[in-house]
Amino acid sequence: MVQPTWSLDSALAEFSSVFRSASEALNPENSLDPVSQFALDGQAGAELRRLLPPEHRRRLGAFFTSHELAHQLAAPLIEARGDVVVVDPSCGAGDLLVAAAHTLGPSQATGQVNAQLIGIDVIKEFAEAARFRLGIQSRISGHNLPAKLIVADGRRVAKLGVATHVLLNPPFAAIAADQNWPWAQGNVSGAADFLAAVVSQIPHGCQLAAILPEVLRGGSRYGRWRDWIGKHIEIEATESLGRFDRWTDVDVFLFRGYRVDGRRKVRPHLWVPAYDGPTVGDQFEVTVGPVVHNRHPEDGPMRPFLTARGLSVWETIERVEGARQFRGKTHCGPFVVVPRTSRPDERGRAPGAIVADTRLIAVDNHLLVLKPRDHSAKTCKSLLQVLRHSSSDAWLDQTMRCRHLTVGAVASLPWVNTESLQVFDGINTSRSA
Ligand SMILES: C[S@@+](CC[C@H](N)C(=O)[O-])C[C@H]1O[C@@H](n2cnc3c(N)ncnc32)[C@H](O)[C@@H]1O
């Protein structure tokens with residue numbers, strides 16, 4: 001039998017028809033009907049993974065929020081009173097709106113709130129699926145919240161101007177920065193752009209809860225973005241959530257706050273824990289290795305070449321064995337290198353190796369280079385002890401849950417006295433502790 005060829009259009013059409021069928025098959029007498037329960041909890045993500053190959057999901061930025069996380073985001077709606085307009089400007093199949101309907105339903109029934117839901121998505125079939133799923137939720141719960149589903153670019157819709165609450169899990173894929181943003185240049189995270197667009201349109205007082213990639217919370221590239229957001233939002237929480245779900249290898253955090261006048265002075269927010277004692281950055285200049293092996297031409301002087309592959313971590317490299325031609329910046333020992341890839345929640349997140357070789361060494365860009373400011377091998381040895389200490393793992397887990405260690409995260413590591421360990425059993429953020 002000839003297999004029909006896959007097309008995005010037919011995959012999306014099938015996606016929405018799955019929920020049309022679930023809606024038609026619904027038996028409102030039986031609210032525990034597993035078919036309806038599944039339609040509201042897990043099926044959207046499962047159908048998306050079944051119907052769309054990963055590269056299409058990534059291109060569309062389509063990753064639907066789990067039931068638990070969606071309910072965590074929507075939970076504060078329980079406090080809402082009066083007229084409430086909940087907008088999800090990138091609603092996908094409506095998981096955040098379904099959670100909002102579930103949370104608001106009882107207050108709607110008792111007249112404590114007069115709520116409406118608005119979902120927006122660029123993909124028509126996702127917006128349709130959201131409509132069917134909200135219908136299922138409404139019939140199962142018996143709580144009828146009016147809902148509008150709109151096919152549009154959620155970064156530019158007038159409806160944002162009437163929102164009292166925004167729930168958001170935006171597309172994360174990198175996009176070219178809008179020239180008008182004061183904080184952006186080149187390619188930026190789509191999530192940074194989306195959140196800023198939403199923030200600039202919602203009215204003052206509007207509550208915002210979002211799931212965002214960790215890189216925005218700690219990445220040094222997004223410092224100006226954080227400053228800009230901090231001027232317009234009174235931030236109530238930036239809480240690390242770990243991995244988005246078991247199919248999606250991206251670490252995320254929960255962002256909560258409400259819109260304030262951009263001219264008002266807002267309380268400064270600590271996006272990541274701050275340490276006001278001495279740091280690794282005080283003792284070392286931290287940079288990324290300058291060699292991009294497959295991009296830099298192999299010409300110029302022959303140099304010893306150090307890469308992350310086969311690196312003997314926690315040891316001293318007396319002589320670098322690899323070699324290549326390289327014209328750019330080199331480093332001579334003693335210094336410390338740390339692989340940039342690292343796994344949150346694992347021991348030894350930033351394992352270092354001391355490079356004692358004093359020749360001019362080309363270092364691959366998969367390694368961070370830490371040059372002691374006092375040029376001393378002893379300080380490099382102290383650094384390995386600091387990196388090895390469990391407090392450094394804990395610190396990195398709190399500040400940087402991304403797979404890539406950043407210059408900023410490593411430079412911000414507390415410079416602990418590993419002999420007395422007086423400061424750091426667990427993380428203590430006070431200099432005098
Ligand atoms: C990460 S998914 C999240 C969906 C839903 N909010 C959830 O949490 O399950 C992002 C959604 O944004 C949609 N999207 C991408 N670009 C958009 C845009 N410019 N305006 C509105 N929606 C967009 C995608 O189609 C996708 O459904």
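His375 counts as exposed, because it has 12 C-beta neighbours inside 10 Å; with C-beta atoms placed from the backbone, a residue is exposed if 12 or fewer other C-beta atoms lie within 10 Å of its own, buried if there are 20 or more, and partly exposed in between. His375 is found in the loop between β17 (367-372) and α12, where helices (H or I, at least four residues) and strands (E, at least two) are DSSP runs numbered from the N terminus. His375 also has a positive phi of about 60°, although it is not a glycine.

Before we go on, a word about the model. It is predicted, and local features need pLDDT of at least 70, side-chain atom pairs count only at pLDDT 80 or more, while totals for chains, interfaces and linings use all residues. Residues are numbered from 1 along each chain as its sequence is written.

Most residues other than glycine have a negative phi, and most peptide bonds are trans. Trp314 is another residue to look at here: its phi is near 65°, a positive value in a residue other than glycine. You can find Trp314 in the loop between β11 (302-306) and β12 (316-317), and Trp314 is partly exposed, with 13 other C-beta atoms within 10 Å. Next, look at the peptide bond from Gly333 to Pro334, which is cis, with omega near 0°. Pro334 lies in the loop between β13 (323-325) and β14 (335-339).

Pro334 also leads us to Ala377. Leaving aside neighbours within four places in sequence, Ala377 is in contact with Pro334 and Ala356, where contact means that the C-beta atoms of two residues, placed from the backbone, lie within 7 Å. Ala377 lies in helix α12 (residues 377-388) and is partly exposed, with 13 other C-beta atoms within 10 Å. From Ala377 to Ser391 is 14 residues in sequence and 23 Å in space, C-alpha to C-alpha.

Now to the helices that pack beside α7. The axes of helix α1 (residues 8-24) and α7 come within 9 Å and cross at roughly 15°; axes are lines fitted to C-alpha atoms, for helices over the stretch in contact, and angles run from 0 to 180 degrees between N-to-C directions. That makes α1 roughly parallel to α7, a term for angles under 35 degrees, whereas those over 145 count as roughly antiparallel, 65 to 115 as roughly perpendicular and the rest as oblique. The residues of this contact of α1 with α7 divide into eight nonpolar, three polar and four charged; Ala, Val, Leu, Ile, Met, Phe, Trp, Tyr, Cys and Pro count as nonpolar, Asp, Glu, Lys and Arg as charged, and the others, Gly among them, as polar.

Helix α6 (residues 95-109) meets α7 (residues 124-141) too: their axes come within 10 Å and cross at roughly 25°. These two helices, α6 and α7, are therefore roughly parallel to each other. On the α6 side, Leu97, Val98, Ala101, His102 and Gly105 meet Ala130, Arg133, Leu134, Gln137, Ser138 and Ser141 in α7. By class, this contact of α6 with α7 has five nonpolar, five polar and one charged residues.

Finally, which residues are closest to the ligand? They are Thr65, Ser90, Gly92, Gly154 and Asn169, out of 24 residues that surround the ligand, a residue being near if its C-beta atom, placed from the backbone, lies within 6 Å. Helix α6 returns here, since α6 and β2 (113-121) each supply at least two residues of the shell around the ligand. By class, that shell has 13 nonpolar, six polar and five charged residues.
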